[in-house]
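Here are a few notes to read alongside the model.

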Amino acid sequence: MTRLKALNPEQAEGKTKNLFDSIQSKMGLVPNMMRTMGNSPALLEGTLLLSNAMGNGLLGAKTAELIALAVAESNGCKYCLGAHTFVGASVFKMDAKTLNEARKGNGADTKTDAILKFAKALVNKQGQVNDADVHSIKSAGVSEAEICEVIGHVALNILTNYFNTTALTEPDFPEVEAVAV
C-alpha cells in the first residue's frame, strides 16, 4: 500500500496541472512517481528541470539509464528498477545481460564500466569518494565534465529512489526486485 497519494491528473489544479499537462504531452501518460510528486509542485518541477538538464549532457540517455539502474539497485528502489529496466529494454534495446550487469556496476566497455563503478562508489560511500576513485574514472578516459555529470545523475536518481521508497509508489512498469542491497 502506498504511503503518499498519487494525484489524479484530471483533478489537478494550478502549477501541478500545468506540469502534468506537460508530462502528458511528452510521455503520453503521467507516471505514478510524477503523480505522487505532484503533491509538491516545487519538487516535481525541480525533478523535471534537473532531469531535462542532465538529459542534455555529454553522457547520453543510454548511459544515464545504466547509471539509474546501478543507483536503484544500490538503494533497493523497486519502482526505479522496474522503470529503468523497462526503458532500457524497450527504448534503448538493451539486452537482459547489459541491464543486469549495470545493476552490479559493470559496463560493457572500459569507459562505461568506470562510470558505473564510480556511480556505485558515490552511493556506497555517501559521496565520500577518495583520490583512488577519482583517479580510476579519469584513467578510463572520463573527462572532468563527464565526472560532474555522473555526480548529477547519481544525485537525481538518489532523489527519485528515496522518494519512491518513502512513498511506496505504485509501480507503472513490471516490478524488478533488488538483489544487491
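With which side chain does the side chain of lysine 138 make a polar contact?

1. The partner is the side chain of glutamate 144, at 2.8 Å. A polar contact here is a pair of N or O atoms within 3.5 Å; within protein, one must be able to donate a hydrogen and the other to accept it, and residues adjacent in sequence count only if both atoms are side-chain atoms.

2. A word on the source: this is a predicted model, where local features need pLDDT of at least 70 and side-chain atom pairs count only at pLDDT 80 or more, while totals for chains, interfaces and linings use all residues. Residues are numbered from 1 along each chain as its sequence is written, and side-chain values use heavy atoms, with hydrogens and water left out.

3. Lysine 138 sits in helix H8, residues 131-139 (helices are DSSP runs of H or I with at least four residues, numbered from the N terminus). Lysine 138 is partly exposed because its relative accessibility is 38% (buried is under 20%, exposed over 50%, partly exposed in between, with a 1.4 Å probe and protein chains only). Leaving aside residues up to four places away in sequence, lysine 138 touches Glu144 and Ile147 (heavy atoms within 4.5 Å).

4. Both ends of H8 deserve a look. At its start, a side-chain oxygen of asparagine 130 comes within 3.0 Å of the backbone nitrogen of alanine 132. Just after H8, glycine 141 has a positive phi of about 90°.

5. There is one aromatic pair in the structure. The ring centres of phenylalanine 86 and phenylalanine 173 are 5.2 Å apart and the planes meet at 35°, so the pair is tilted (rings of Phe, Tyr and Trp, the last by its six-membered ring, pair with centres within 6.5 Å; planes under 30 degrees apart are stacked, over 60 edge-to-face, the rest tilted). Phenylalanine 86 belongs to helix H5 (residues 78-90) and phenylalanine 173 to the segment after helix H9 (144-167), so the pair ties together parts 87 residues apart in sequence.

6. Asparagine 157 is in helix H9. Is asparagine 157 buried or exposed? Asparagine 157 is buried, at a relative accessible area of 6%. Not counting residues up to four places away in sequence, asparagine 157 touches Ala68, Val71 and His84.

Terms used:
Helices (H or I, at least four residues) and strands (E, at least two) are DSSP runs, numbered from the N terminus.
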